[in-house]
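Please examine the sequence and the structure shown below. The explanation that follows is intended to be read alongside them.

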Amino acid sequence: MKTGLRITAFAAAVAATFGTAYGVGKGVGPVTAGEHETAGHGEGGHAQEAGEARDGHAGHGTPAGAAAVPGGLQISERGYTLDLRTRRIAAAGERTELSFAITKDDTGRKVTAYRTEHGKQLHLIVASRDLTVYRHLHPARAADGAWKTPVELPKAGGYRVFADFTPRAEKEGLTLGADLSVAGKYAPQDVPAASRTAGAGDGYQVRLGGGLGAGSASELTLSVTRNGKPVTDLQPYLGSYGHLVALRSGDLAYLHVHPNKGGPGPEVSFTATAPSTGTYRLFLDFKHNGAVRTAEFTVHAGQSAGDRPKEHGH
């Protein structure tokens, strides 16, 4: 059964770069902004109706006529700041704890009340700058608003941390980003070559059909098989049968979407509009036989997946 997935991304191409900025104030107390929730993540409902998608929240609250900024490129937006306490990891392959908070305004007060979306109050994505390492994490929040999660990153170099969340006081979500480094000898890799198939371990293969349009809608279809046989009993993961994160190569502009109701496979289809031409990495999470797996693809906006050669220069 085919599941529809719609990305409402950005209407205009945006060229954005960013440096390291940590505008964090001194904490003076929590921002409850509504009914207080405990540190445990709820597994319940969605803040949006089926069919609506979050795209990294680019442009939410942007004044008329102003250029929308893609999600994840800013450490602060609309009065909220990602205060990443762990900015450096001592060694690749070392299991460590990431610590951070979401603060409000220039007071540094920690936000403690969030809307539950796709079963969690906050989604944390960690990706290497060369887009060869990807982690989707779900940290635990303490009552004072501090978030923590264990992480193990396999190689040295620069990473980007994305916090995707909606404060209870807000109707629209945000995606904030901050830089993280892992100490050690760094050997950057090229973005993996575009391909229509990707392995996900244990005999799982995902085939990508269609192309990614730049500034216009196009359809992509992801079909899951195992040992050559279609998987028709995908299990819900975060309230749906598929979870997609897309990152633009170069600046790591962020898109985050979930499918409509439906399933359970083998195909998951979605309509996507990329914010600009360029190379994108797609990370599809799906669940089967109790395990969450990730299939990774490189696509080029404006061309069908697999039509362009491998890019260099990373």
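This is a predicted model: local features need pLDDT of at least 70, side-chain atom pairs count only at pLDDT 80 or more; totals for chains, interfaces and linings use all residues.

Residues are numbered from 1 along each chain as its sequence is written, and side-chain values use heavy atoms, with hydrogens and water left out.

Strand S4 spans residues 95-104. Strands here are DSSP runs of E with at least two residues, numbered from the N terminus. Of the 10 residues in S4, 7 are buried, that is, under 20% relative accessible area with a 1.4 Å probe and protein chains only.

S4 pairs with several strands, where pairing requires that DSSP finds at least two bridges between two strands. Strand S2 (residues 80-84) runs antiparallel to S4 and is joined to it by 5 bridges; here Leu82 has Ile102 of S4 as its bridge partner. Strand S9 (residues 146-152) is likewise antiparallel to S4, with 7 bridges, and Ala146 of S9 stands opposite Ala101. Strand S5 (residues 109-110) pairs with S4 over 2 bridges, again in the antiparallel sense, and Arg109 of S5 is the bridge partner of Lys104. S4 and S5 form a hairpin with 4 residues between them, and Asp105 in the turn has a positive phi of about 55°.

Lys104 also takes part in a contact with an aromatic ring: its charged end sits over the ring of Tyr80, 4.9 Å from the ring centre. The criterion is that NZ of Lys or CZ of Arg is within 6 Å of the ring centre and within 35 degrees of the ring normal.

The structure holds 6 aromatic pairs. Rings of Phe, Tyr and Trp (its six-membered ring) pair if their centres lie within 6.5 Å, and planes under 30 degrees apart count as stacked, over 60 as edge-to-face and the rest as tilted. One of the pairs is Phe100 with Trp147, which is stacked at 6.1 Å centre to centre with 5° between the planes. This pair links S4, which holds Phe100, to S9, which holds Trp147, across 47 residues. Phe100 is buried, with a relative accessible area of 1%, and Trp147 is buried at 0%.

The ring centres of Tyr134 and Phe283 lie 4.2 Å apart with their planes at 5°, so this pair is stacked as well. Because Tyr134 lies in strand S7 (residues 134-137) and Phe283 in strand S20 (residues 278-288), the pair ties together parts that are 149 residues apart in sequence. Both Tyr134 and Phe283 are buried.

Notes:
Buried means under 20% relative accessible area, exposed over 50%, partly exposed in between (1.4 Å probe, protein chains only).
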